[in-house]
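Welcome! Please take a moment with the sequence and the 3D view before reading on; we will then walk through the helices and loops together.

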Amino acid sequence: MKTKKTIKIRTGVCAFVRDMIRAGKSNQQCLAALQKKFPKSNLKIGGVGWLRADLIKRKEKIKTNAEINAMAA
């Protein structure tokens, strides 16, 4: 008898920020959206940067924060 595997959808702070990064938002934009959605979160700008670096390390095709800021300027 086969058992069904349940897929757990992540909906926490880090998952939210990673989705924002994948959508092409800068670190500052991610932090602003995070503070609106999760006002009690204590994630700082350094944490957002760490999550971006982690996605880059995992070989995801995302832009760096410097590239996003250069496009906006």
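In which loop is the place of K59? Look between α3 and α4 (65–72), because K59 lies in the loop there, and at 70% relative accessibility this residue counts as exposed. The backbone at K59 is worth a glance as well: although K59 is not a glycine, its phi is positive, at about 70°. Please keep in mind throughout that this is a predicted model.

Let us now go to helix α1, which covers residues 13–22. Several of its side chains are hidden from the surface: A15, F16, V17, R18, M20 and I21 are buried. What lies over them? The cover for the buried residues of α1 includes α2 (27–37) and α3 (45–57).

How do α1 and α2 sit against each other? Their axes are 10 Å apart, and the two helices pack at an angle of about 140°. That angle makes α1 and α2 oblique to each other, and α1 passes α2 in a right-handed crossing. On the α1 side, the contact is made by V13, F16, V17, M20 and I21, and on the α2 side by Q29, C30, A33, L34 and K37. Sorted by class, this contact of α1 with α2 has eight nonpolar residues, one polar and one charged.

The contributors from α2 are N27, Q28, C30 and L31, which meet I45, V48, G49 and R52 of α3. In the contact of α2 with α3, the residues divide into four nonpolar, three polar and one charged.

The loop between α2 and α3 deserves a stop of its own, as L43 is found there. Which residues does L43 touch, leaving aside its neighbours within four places in sequence? The residues in contact with L43 are V13, V17, L31, L34, V48 and L51. Take L31 from that list: L43 and L31 are twelve residues apart in sequence, and their C-alpha atoms are 8.1 Å apart in space.

Finally, let us turn to the cysteines. How many disulfides does a search of the whole structure find? The search finds zero. C14 is in no disulfide, and the nearest cysteine sulfur, that of C30, is 12 Å away. Seen from the other end, the closest cysteine sulfur to that of C30 is the one in C14, and 12 Å is too far for a bond, because a disulfide needs the two sulfur atoms within 2.5 Å. Are these cysteines buried or exposed? C14 counts as partly exposed, at 36% relative accessibility, whereas C30 is buried, with a relative accessible area of 0%.

Terms used. Residues numbered from 1 in each chain as written. Predicted model: local features only at pLDDT ≥ 70, side-chain atom pairs only at ≥ 80, totals over all residues. Heavy atoms only, no water. Buried < 20%, exposed > 50% of the residue type's maximum accessible area, 1.4 Å probe, protein only. Helix = DSSP H or I, 4+ residues; strand = E, 2+ residues; numbered from the N terminus. Contact = heavy atoms within 4.5 Å. Axes fitted to C-alpha atoms, helices over the stretch in contact; angles between N-to-C directions. Parallel < 35°, antiparallel > 145°, perpendicular 65-115°, else oblique. Left-handed = near helix turned anticlockwise from the far one by under 90°. Nonpolar A, V, L, I, M, F, W, Y, C, P; charged D, E, K, R; others polar.
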